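Grab a pencil and have a go at these exercises. Try each one yourself before you read the solution.

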Amino acid sequence: MAASSQGAAAVALRPPLPSGNGSDAGVAAEAGNPKTDVDRFRHRVDEYISKADELEQKVNEVVEYYANRKQPNNSKGNSGGKDKEKKKPGNSGSNNSGNKLIDGSRKEAVCTKRMQELMRQFGTILKQITQHKWARPFMNPVDVKGLGLDDYYEVIKKPMDFGTIKNQMEAKDGSGYKNVREIYADVRLVFTNAMTYNDDRSDIHVMAKTLLDKFEEKWLQLLPKVVEEEARQKEDEAQALANMQIAREAAYAKMARDTNSELDELNVHLEELRKLVIQKCRKMSAEEKRKLGVGLSALSPEDLNKALEIIAEDNPSFQTTGEVVDVDMDAQSEITLWKVKFFVKGALELQAKNCASKADDNLKRKKEICDALAKTARKRNKKLSSL
């Protein structure tokens, strides 16, 4: 009996010799309790499936991270990453990133201390302004109701006073000012609100403008320190962000390496389990070998080559090259036969599924063509009837 496929070597199958074992039952254990063996194998398979699902999630997470990574300066970043991996991609990278994070925390503490010093200096300026004899009208919120200022909130969208500023500067719950410029903006707002609502010639307007000029003069003396500190903060923030990115990169690189190692280990366990299951299989009957030959003949060229490779794995002397490949079923080990049978069964099932899918597509395409022709005919008939 011979089976040939276009693009693959023809396979000459030697008929199997008659066997006393005519049973066509499924896989059974040669020794021991078959049910116990099956339960044990099933339990291990469930464990491996669970592990595979876990590793799949990790793989997807790593793939998503690298897919969403920013592209600018990618070539430089990649070359640097490769050099690091060649040296010591494991502990050294994580230690370096950890040290950088600690340094970042220290810098943040120093930065906060410097900003607090600036706010203290600003507080001195504010104290000088509020102690001026003309500052009294601006110390508390405007008594809108008492003064009958019905349109005040229509003109002034954000009321402000020095009492409110002081309370926010002293706030301990995290709702206070974060930097000097926030306080500066509110102090200016106190005076600009007064100047906006009151006439240019009114006392309040004149007092507000005078105090604002004095305040701006003192602010200009502090401004260089503020600008310097803001530049340092911006640089520190950029460095902190870079350190976080490095730590994140190292974490995902480690996850990728660990996941790859775990996948290799899982593949080894699966291969061991597969061999163990096959070793427990009973001897294949002559009828089963005949059916296996028929199945090999029905394979596609690509799958047929894969089946021959499986035979060659366990039989180094087996030749897979040449126009005709001679396959003696009785010369193959039971392990090889069962391996080939499992492969052939899966390949034929997939082949049948693909054929069914292709047939459905062809039917769908034919239906679309028929519908289009019918639609064209209806339009032609309608046009003829209108003549």
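**Exercise 1.** Find the buried residues of α9, and work out how the helix's span compares with the expected one.

*Solution.* Step 1: the buried ones in α9 are Ala286, Glu288, Lys289, Leu292, Gly293, Gly295 and Leu296. "Buried" stands for under 20% relative accessible area, "exposed" for over 50%, and "partly exposed" for anything in between (1.4 Å probe, protein chains only).

Step 1: helix α9 covers residues 286–297, which is 12 residues. Helices (H or I, at least four residues) and strands (E, at least two) are DSSP runs, numbered from the N terminus.

Step 2: from first C-alpha to last, α9 reaches 17 Å, close to the 16 Å expected at 1.5 Å a residue. To get an expected span, multiply 1.5 Å by one less than the helix's number of residues.

Before you carry on: this is a predicted model, where local features need pLDDT of at least 70 and side-chain atom pairs count only at pLDDT 80 or more, while totals for chains, interfaces and linings use all residues. Residues are numbered from 1 along each chain as its sequence is written, and side-chain values use heavy atoms, with hydrogens and water left out.

**Exercise 2.** Describe the whole chain: how many helices and strands does it have, and what share of its residues is buried?

*Solution.* Step 1: count the elements, and you get 11 helices and three strands.

Step 1: 26% of the 387 residues count as buried.

Step 2: look at contacts (heavy atoms within 4.5 Å). Of those with a separation of 6 or more, 79% join residues 24 or more positions apart.

**Exercise 3.** Work out how α7 packs against α6 and against α8.

*Solution.* Step 1: get to know α7, which spans residues 180–197 and reaches 26 Å, close to the 26 Å expected for its 18 residues. Its buried residues include Val180, Ile183, Val187 and Phe191. At its start, a side-chain oxygen of Asn179 comes within 3.2 Å of the backbone nitrogen of Arg181.

Step 1: recall that two packed helices are described by the angle between their axes and the distance between the axes. Axes are lines fitted to C-alpha atoms, for helices over the stretch in contact, and angles run from 0 to 180 degrees between N-to-C directions.

Step 2: α6 (residues 162–169) packs on α7 at about 165°, with the axes 10 Å apart. That makes the two roughly antiparallel; the cut-offs are under 35 degrees for roughly parallel, over 145 for roughly antiparallel, 65 to 115 for roughly perpendicular, and oblique for the rest. The contact is made by Phe162, Ile165 and Met169 of α6 with Ile183, Asp186, Val187, Val190 and Phe191 of α7.

Step 3: the axes of α7 and α8 come within 9 Å and cross at roughly 165°, so α7 and α8 are roughly antiparallel too.

Step 4: check the handedness. The α6 and α7 crossing is right-handed, while that of α7 and α8 is left-handed. Left-handed means the near helix is turned anticlockwise from the far one by less than a right angle, right-handed means clockwise.

**Exercise 4.** Is Phe122 buried or exposed, and which residues does Phe122 touch beyond four places in sequence?

*Solution.* Step 1: Phe122 sits in helix α3 (residues 91–130).

Step 1: its relative accessibility is 0%, so Phe122 counts as buried.

Step 2: beyond four places in sequence, Phe122 is in contact with Val180, Ile183, Tyr184, Val187, Phe215, Trp219 and Leu222. Leu222 is 100 residues away in sequence, yet the C-alpha atoms are 7.7 Å apart.

**Exercise 5.** Which residues does Thr259 contact, and which does Glu262 contact, once neighbours within four places are left aside?

*Solution.* Step 1: Thr259 lies in α8, and Glu262 also has its place in α8 (residues 203–279).

Step 1: Thr259 contacts Leu55, Lys58 and Val59, whereas Glu262 contacts Lys51, Leu55 and Lys58.

Terms used. Polar contact = N/O pair within 3.5 Å; in protein donor to acceptor, adjacent residues only side chain to side chain.
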